[in-house]
Number of protein chains: 2
Amino acid sequence: MPIKYYFVMKKDKISLKDIANSLGVSTTLVSLVLNNKGEVHGISKETQAKVIAKAKELNYMPSFMARGLRTGRSFTIGVVVSDISNPFYSRMVRYMEDEASKNGYTLLISSSDESHNKESKLIKMLIDRQVDGLIISSSQPNLSFLSDVEASSIPYVLIDRVFEDNLNVNTISVDNIQGSYKAVEHLVSQGYKKIAMLAVTPIYVSTIRERIDGYLRSVDAFNLEYGSELLVELDFYNLRQSILNIINSMILKPEPEIDAIFAINNNVAVECLKSFKELGIEVPQNLGFISFDDIDLYELTSPSVSAIAQPLETLSTQAVNMIIQNIENKTHEFQQMKLDTELIIRESTLRE
Amino acid sequence: MPIKYYFVMKKDKISLKDIANSLGVSTTLVSLVLNNKGEVHGISKETQAKVIAKAKELNYMPSFMARGLRTGRSFTIGVVVSDISNPFYSRMVRYMEDEASKNGYTLLISSSDESHNKESKLIKMLIDRQVDGLIISSSQPNLSFLSDVEASSIPYVLIDRVFEDNLNVNTISVDNIQGSYKAVEHLVSQGYKKIAMLAVTPIYVSTIRERIDGYLRSVDAFNLEYGSELLVELDFYNLRQSILNIINSMILKPEPEIDAIFAINNNVAVECLKSFKELGIEVPQNLGFISFDDIDLYELTSPSVSAIAQPLETLSTQAVNMIIQNIENKTHEFQQMKLDTELIIRESTLRE
DNA sequence: TTTTTCACCTAAATTGTTTTAGAAATCAAA
DNA sequence: TTTGATTTCTAAAACAATTTAGGTGAAAAA
């Protein structure tokens, strides 16, 4: 491996002072002009033009740190999700990035891996970095861990995963209960009767709780066989094995107890699909299959996978807008938004 | 939508001064102690203990901006990729995040959408934000656009997409030429003879260039039918249609000109898979199929997709380590790393 | 001629650190 | 009794911006 040493002359940054000195004016004046406060402070047109020209000539860029120190603003929004490599979150974050950038904000993104401890640390770190606001998809069960955020008086919005109705908090999420209901309803309409929900720990995450709730309501409403016995809680850290167990014990037998699976999220669904492939399970003939969350690959599997899609773009852009409103208005006005899901019917639930 | 107004008392932040005042010492002393320079500056053990205790008691957190202003450091690494929602990059970024965090750094991630203009702006933005280093997967053809970075004397590393061998730049990438060669070699070994490469604009991106190069070399080496006529450059902004055209004009005919497709990256591959599905093309019977890049969904499609996998984790963690070395050593020592790819054989290239 | 008004500009404080250069106090050596 | 070390600490500058409170000089009004 070739190695070389170089010594680069550090070109020092242009500051307000440099502009001011080279024009023989004060830094105050330069600052005012460059912040579009020239008019209101009665700086003459010519002086303004000179300043602007000089700034351009010297390629002036304000110091982020100096400005941040003085104003307390960073034009940065902290984002905490469980895992940026999960396609659900990477798409979400991408929408956020675009919306934030439109408004002159940048994102500081971090992954909590569903760990409370890590999540709290990340939030602390983001606050230290003086983010102007936080968008959090929390893995915590309730607001208590948010004490850091509350104490800091930084505005935040909970996205996707929200806590018990709390009017003092910004939230944006989808109607998970209704979404689950739609999924089961669709399976029922296709003639499936023994519908299992494969949920996953930790069940205190609001989306999980609500989706289970929706499932249980629909089981009641449609008076399904076995009832809630077919609600299975898989171990998050042992997804693969626990799914194989279910399949072996409840499906691969002469009189299967399950004729359709409703996967609670894309993680579970992907593992299911792998198992189906491995064990040669025929979907939708032997087993109906539907998933909460809609990810790209559902279109490409055989059969393609029906899903309950969340309006990701709206979710993301609205979250960003909410937080920016809070940041810029300085008024602490809280909003709660709940969006509808969409049933996407593909091959995995269409029995011939 | 319920709305409420709240007025939160802003708990102001604890500064060095607060600690200093409450102990009747100078801020200098407090700063030294909290930066572990107490010993070397001969601060007495008792005073040190008092300061540390007080800092903990008051829950002191240094101001990121003040520190950054004074030291010129931000403990932030800027990352520019073409699209964070592309699974290749979202996984890459995730590995980077973990490695950076181990070393006390945070990432500032942004997507360029393959636009030169946007990429330049992002880099400028990141420099403004005083990142300590940059990791760039550039869509530019050469170094010229990097003048901003060079001028700023911020260390950077080019990842995945690197330019002509340049010993004055940090680079880390895979051996794309060898990777392409392996793919074709494998197809040949399976009896495919009319192997098309579906490339994509812009072809000046180094990975594209090199993969094409590797394809052409192997076409030569194996003396393949049609030779380089089967190299197709698809339009990035019109992928879907251009792929359908190829399939209709070159495959769906009695005497097809193509018996295997080598997709130059996951974007192209995904569109191919969609088209195959739509048009009912049987892979691998009628058509062999392999892709550069290995993404999760290749395991789940039917047939599963063979691929040339990049060592993503190594790529990412090494990039982070390179940049941190550069940041912390202050010596400008450039490294070039080229990693090997791995051929992953799945169903899409296994003709019965 | 003095006062007021107006247009245009600036000094200095402030933000919270780090760091340089040196001060004060104590004790030992000369 | 002065000098020199040694230990322990501090004042003040620097980083680069924003902002408050006001200054200056010329023209207009009294």
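**A tour of the DNA strand and the chain interface**

Begin by selecting B:Asn35, whose side chain places an N or O atom 3.0 Å from a phosphate oxygen of DNA strand C. This is a predicted model, in which local features need pLDDT of at least 70 and side-chain atom pairs count only at pLDDT 80 or more, while totals for chains, interfaces and linings use all residues. Residues are numbered from 1 along each chain as its sequence is written, chains are lettered from A and ligands numbered from 1 in the order in which they are written, and side-chain values use heavy atoms, with hydrogens and water left out.

Turn next to the bases of DNA strand C, where B:Thr28 has a side-chain N or O atom 3.0 Å from a base oxygen, and where a polar side-chain atom of B:Arg70 lies 2.4 Å from a base oxygen.

Then move to the protein interface, where 63 residues of chain A are in contact with 63 residues of chain B (heavy atoms within 4.5 Å). About 6,000 Å² is buried between these chains, counted as accessible area (1.4 Å probe) lost on putting the two parts together and summed over both.

Finish at A:Glu347 and B:Lys277, whose side chains meet in a salt bridge at 3.5 Å, N to O; the count between the two chains is six salt bridges (a Lys or Arg side-chain nitrogen within 4 Å of an Asp or Glu carboxyl oxygen).

Definitions and conventions:
A polar contact is a pair of N or O atoms within 3.5 Å; within protein, one must be able to donate a hydrogen and the other to accept it, and residues adjacent in sequence count only if both atoms are side-chain atoms.
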